[in-house]
Amino acid sequence: MAAAGQFPPDLGAEVAFAGRSNAGKSSAINAIMHRRGLARTSKLPGRTRLLNFFELGPSQRIVDLPGYGYASVSEAERRSWLPLLESLRQRESLRGLFVIVDARRGIMDGDEALLQWALPHQVHVLLSKADKLSRSEANSALAAATRALAGRATAQLFSAVTRAGVDSAQEKLAGWLRGEKPLE
Ligand code: GDP
């Protein structure tokens, strides 16, 4: 099992991405980064179920968290992630967390657990695959998510296909990466 000791040095700024399996996390990362195949910086094995760090620039990284919510992930495997996730949460570099939520499904139990875990870090929810909804359905999804988040996180509509919302997500990412860590 990969250990937190293999994380890159805790310097600079990093932003994490998380979401249920199939929510559109990989597509969102690619759309936001505008490139594919970012270089991995950690020595962690390249299994997508583990944490992957990607170098963006000098001392700037994104961290791809394992997808959650699928029964195929064993309880043992889930438990083995916890120390890694805890080590991530405690890193000085961590500036914020994007949570990718399928706009058609809205915020579900696993997303709730992640929100609880992430506090007091800043969280921004991308309501993904918004292109699959009509404008009014999308607006309802955003309103419902905003209600469910109740001030704990911000949210926006997002589509990797039409690139709707990519600009706002990029601004959020850039702000977190250059900003000071807020007082807790
Ligand atoms: P991940 O498991 O969360 O990383 O999800 P992926 O990025 O692999 O996407 C899961 C599926 O949803 C794939 O079939 C994608 O093509 C599709 N998908 C992802 N983002 C979008 C989107 O914005 N719009 C639509 N229509 N499909 C998407």
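This is a predicted model: local features need pLDDT of at least 70, side-chain atom pairs count only at pLDDT 80 or more; totals for chains, interfaces and linings use all residues.

Reader: How much of the protein is made up of buried residues?
Author: Buried means under 20% relative accessible area, exposed over 50%, and partly exposed in between (1.4 Å probe, protein chains only). The protein has 184 residues. The buried share of them is 45%.

Reader: What share of the contacts joins residues 24 or more positions apart?
Author: A contact means heavy atoms within 4.5 Å. Count the contacts in the protein with a separation of 6 or more. Residues 24 or more positions apart account for 75%.

Reader: Which residues have the most contacts inside the largest nonpolar core?
Author: A nonpolar core is a set of buried Ala, Val, Leu, Ile, Met, Phe, Trp, Tyr and Cys residues joined through side-chain atoms within 4.5 Å. The largest has 31 residues. Elements giving two or more residues to this core include strand S1 (13–19), helix H2 (75–89) and strand S4 (94–102). Those with the most contacts inside the core are Leu 65, Leu 88 and Leu 97.

Reader: Which residues does Leu 97 touch, beyond those up to four places away in sequence?
Author: Its partners include Ala 16, Phe 17 and Ala 18. Further along the chain, Leu 97 also touches residues including Leu 114, Trp 117, Val 123 and Trp 176.

Reader: Is Gly 96 buried or exposed?
Author: Gly 96 sits in strand S4. Leaving aside neighbours within four places, Gly 96 contacts Glu 14, Val 15, Ala 16, Gln 122 and Trp 176. Its C-alpha atom is 7.6 Å from that of Glu 14, 82 residues apart along the chain. With a relative accessible area of 0%, Gly 96 is buried.

Reader: What covers the buried residues of H1?
Author: Helix H1 spans residues 25–33. Its buried residues are Lys 25, Ala 28, Ile 29, Ala 31, Ile 32 and Met 33. The cover includes S1, strand S2 (52–57), strand S3 (60–64), S4, S5 and helix H5 (166–178).

Reader: Which side chain does Arg 61 join in a polar contact of 3.4 Å?
Author: Arg 61 is in strand S3 and is buried, with a relative accessible area of 4%. A polar contact is a pair of N or O atoms within 3.5 Å; within protein, one must be able to donate a hydrogen and the other to accept it, and residues adjacent in sequence count only if both atoms are side-chain atoms. A polar atom of the Arg 61 side chain lies 2.7 Å from the backbone oxygen of Leu 11. At 3.4 Å, the partner is the side chain of Ser 93.

Reader: Where is the cis peptide bond?
Author: Look at Pro 120, in the loop between H3 and S5. Omega is about 5 degrees. The cis bond joins Leu 119 and Pro 120.

Reader: How far is a backbone N or O atom of Asn 22 from an oxygen atom of the ligand?
Author: Asn 22 is in the loop between S1 and H1. The residue is not a glycine, but has a positive phi of about 75 degrees. Asn 22 is exposed, with a relative accessible area of 60%. The distance from its backbone N or O atom to the ligand oxygen is 2.8 Å.

Key: Residues are numbered from 1 along each chain as its sequence is written. Side-chain values use heavy atoms; hydrogens and water are left out. Helices (H or I, at least four residues) and strands (E, at least two) are DSSP runs, numbered from the N terminus.
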